[in-house]
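Here is a short briefing to read alongside the model. Keep the viewer open and follow along, topic by topic.

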Amino acid sequence: MTATRTPRATPAAPAPAVKDAPGAEDGLLRRLRPATVPVAVLLVLALLPYSALDIPVLLDGPVNSPGSLQLFALCLVFGALALGYDLMFGRTGLLSFGHALYIAGGSYGTQLAMTELGLGLLPAALLTLLLGALAAFVLGAVSLRTLALGSVGFAMVTLAFAQAGSIYVERNPGGLTGGEEGLPLYVDGVPDALVGVQNTVNVYWLALAYLVLVAGVVWTVTARPAGRVWQAIRDNEQRVAVLGRSPFAHKLGAFVLASSLAVLGGVLHLLVTAGATPHTSTPEFTLTLLVMVVLGGSGTRWGPVVGGVLFTYLDQRLGGWDLGVEPMLILGSLFVLAVYLAPGGITALGRRRNA
Amino acid sequence: MDTLVLLTLTGLGLGALYFLIASGLALIFGLMDVLNFAHGAFLTVSVYAAWRTAETVGGMPGLLLAAVVGTLTGLLLAAVVELVLIRRLYGRVKEQILVTVGLSLAVPALVQTVWGADARPFPVPDALSGTVGVLGARVPVNRFLLIAVALLVLAGIHLFLSRTRYGLIVRAGVEDRAMVTALGIDVTRAFTLVFALGGALAGLAGVLGGLYFGSLSPHQGTSLLVFAFVVVIIGGLVPITSVALSALTVGLVQQYANYYAGGYGDLAVVVLLAAVVLSRPAAGTGSPLTRLRRALTTPRTRSAGGTA
């Protein structure tokens, strides 16, 4: 970045007028520059529902048809979920296999708080978020204690907790979770503006808002001191301990924050797919998040979002193209190839070519 | 009383199944630091290969042949995965895990593409489908078969590790891989061997799992794998007998809780796991790594003193 910026500022003649402006304005521009890409992306995404463009093979209907908008909303939710997962995986170096527990917790918790407690959508979601954060605190503290096998112990214990949750959901205790069929969204508790095919655009806005929230939180926190400590833990945990910071407390913080974002993501998943599905609770669901993050580029600003959006799009569309194979076969094989051919993810691939 | 006997023997059978899967996992992880998520995929492919064989041949000879085919399938598959995929990534633990994760997603999808998503019945020969009376309980015959095979495998692994040269290299490698390499021993061959052995055990476990559950499905391997992980966490990696004991405990707890606690055996296992994790004595303060290093260095200095 710096290498490309300096030569453009120094030559006198062909550079644009703004570049020649005095230091103050140049500084302002430089400060604004990091914000240009997110703002541009946000603008495009925000304008998407106003486009009636018809893209033949890639989409079934026009861009602003309910089907396409729902697909986009799902893509955005998964982009945000992958970004939240990367808070642990790419930023802190924690390999958790239990993220699905919190996503399913958000879906089922909100649904059950609406049906069983008679709460509205917002109070139900907030209650679920609170309980989810509490659960993440307790389970995270237990998971982070497994020391005998190092970081892999954490992976295994989180996996075991998630599996227990998944089994609980599929057992359908007292008819609460609907077993293998899941639960259809309880529409009486949800505001009318979010229900029905004609209101898909509102769900899309909500998904976009969730993505903006997650991106805001993740990008802000990782730039703060706590984020620096996470990065240091990822690179060398022992050194962090020697320097007098507690790796345990910081890891637990990352775990609780990522899990809370996942609980919110579960609420969004419930609204976008109009139901709570047991698939969200399975360990495989976490594995697909991991695949998204690595495909896109872990530990980077855009990588997880790109990976999540692309993976979800392919996962949803490959079935419709009737290739005669399971989508996961193609995606799993792609992923294995990507580990060898694109170690830094898709986003790093483009960057290397530019350099 | 008869219920208790039935539960105990069924739990032991389940424990035997877990042991077969977990022993391979523990060896692979101990030696190579690879958390092998593809282990369940090996099992799934093997059980489908065994199922095709048993269906074609039929009867008791079919089952015996299926056991051989299943074991060989697991062995070959694991060897190929190690040689083609894992070998290129030595020293990069995270990438190795990622590759096995990719396989664990792609392989069941492949099986599902070929044979469909629905569970299929596994052909159980008449000689093994009946029950035997033990202390008034009617216990299915296949439980005894599982326990017997697991005991044989346990004895086999123990002999392999304690009596053979490769076993010695494997044990030394688990203890301190860098030192073994420094002594001029080619550990990569031991890696391939252990990976193939783990695959063979997973294949055998697949066939026995087919007998135990009486059915097979594309995602059977993955769900069994989770419990194998639990067994490894509770039991640790070495010695292999502690893996066996832990497998036994998990199998029994699951069966007892399933019966006495209203079908929540799987949750009971996770609670057991949490209890074990929490009760591990935290020796002093300090980072996990220093604690781990202290735990690893103590026995090494002692053995060095012994040989000097």
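Helix α8 of chain A runs over residues 200–223, and its 24 residues reach 35 Å from the first C-alpha to the last, close to the 34 Å expected at 1.5 Å a residue. Its buried residues are T200(A), V203(A), Y204(A), A207(A), L208(A), Y210(A), L211(A), V214(A), A215(A), V218(A) and T222(A). Please bear in mind that this is a predicted model.

**Chain A as a whole**

- Chain A contains 15 helices and 2 strands.
- Of its 355 residues, 45% count as buried.
- Among the contacts in chain A with a separation of 6 or more, 72% are between residues 24 or more positions apart.
- The average pLDDT of chain A is 82, and 88% of the residues score at least 70.
- Residues 1–22 of chain A are a stretch to read with care: pLDDT stays under 50 there, and the model has 6 contacts beyond four places in sequence for them.

**Helix α14 of chain A**

- Helix α14 of chain A covers residues 327–341, and its 15 residues should span 21 Å at 1.5 Å a residue; the end C-alpha atoms are 21 Å apart, so the helix agrees with that expectation.
- Buried positions in α14(A) are M328(A), L329(A), L331(A), G332(A), F335(A), V336(A), A338(A) and V339(A).
- These buried residues pack against α12 (283–296) and α13 (303–320) of chain A, together with α4 of chain B.

**Two residues of chain A to look at**

- A274(A) is not a glycine, yet it has a positive phi of about 55 degrees.
- A274(A) sits in the loop between α11 (247–272) and β2 (275–276) of chain A.
- Is A274(A) buried or partly exposed? With 17 other C-beta atoms within 10 Å, A274(A) is partly exposed.
- R228(A) belongs to helix α9 of chain A, which covers residues 225–235.
- R228(A) has 13 other C-beta atoms within 10 Å, so it is partly exposed.
- R228(A) and R91(A) are 137 residues apart along the chain, while their C-alpha atoms are separated by 9.1 Å.

**Where the chains meet**

- The contact between the chains takes 40 residues from chain A and 36 residues from chain B.
- On the side of chain B that touches chain A, the elements giving two or more residues are α4 (93–115), α10 (220–235), α12 (265–279) and α13 (288–307) of chain B.
- The largest share of that side, 13 residues, comes from α4(B).
- The residues on that side of chain B divide into 22 nonpolar, 9 polar and 5 charged.

**Chain B as a whole**

- Chain B has 13 helices and 4 strands.
- A compact globule of 308 residues would have a radius of gyration near 19 Å, and the 20 Å of chain B agrees with this.
- The C-alpha trace of chain B spans about 60 × 45 × 35 Å along its principal axes.
- Of the 308 residues of chain B, 49% count as buried.
- Among contacts in chain B between residues at least 6 apart in sequence, 75% join residues at least 24 apart.

**Helix α6 of chain B**

- Helix α6 of chain B takes in residues 141–163; its 23 residues reach 33 Å from the first C-alpha to the last, close to the 33 Å expected at 1.5 Å a residue.
- Which residues of α6(B) are buried? They are N142(B), R143(B), L146(B), V149(B), A150(B), V153(B) and I157(B).
- The cover over the buried residues of α6(B) includes α1 (2–32), α5 (126–129), β3 (137–140), α9 (187–213) and α11 (240–260) of chain B.

**Annotated transmembrane regions**

- For chain A, an unreviewed UniProt entry gives the annotation "transmembrane region" to several spans, including residues 68–87 and 120–140.
- In the model, residues 68–87 of chain A are 100% helix and 0% strand, with the end C-alpha atoms 29 Å apart.
- Residues 120–140 of chain A are 95% helix and 0% strand, and their end C-alpha atoms are 29 Å apart.
- For chain B, UniProt (unreviewed entry) places "transmembrane region" at spans including residues 6–27 and 34–51.
- Residues 6–27 of chain B are 100% helix and 0% strand, with end C-alpha atoms 31 Å apart.
- Residues 34–51 of chain B are 72% helix and 0% strand, and the end C-alpha atoms lie 29 Å apart.

How values were computed
Residues are numbered from 1 along each chain as its sequence is written. Chains are lettered from A and ligands numbered from 1 in the order in which they are written. This is a predicted model: local features need pLDDT of at least 70, side-chain atom pairs count only at pLDDT 80 or more; totals for chains, interfaces and linings use all residues. Two residues are in contact if their C-beta atoms, placed from the backbone, lie within 7 Å. Ala, Val, Leu, Ile, Met, Phe, Trp, Tyr, Cys and Pro count as nonpolar, Asp, Glu, Lys and Arg as charged, and the others, Gly among them, as polar. The expected span of a helix is 1.5 Å times one less than its number of residues. A residue is buried if 20 or more other C-beta atoms lie within 10 Å of its own, exposed if 12 or fewer, and partly exposed in between; C-beta atoms are placed from the backbone. The radius of gyration is taken over C-alpha atoms; the globule rule is 2.2 Å times the number of residues to the power 0.38. UniProt positions are given in the numbering used here, feature names are shortened, and annotations may be inferred rather than shown by experiment. pLDDT is the predictor's confidence in each residue, from 0 to 100.
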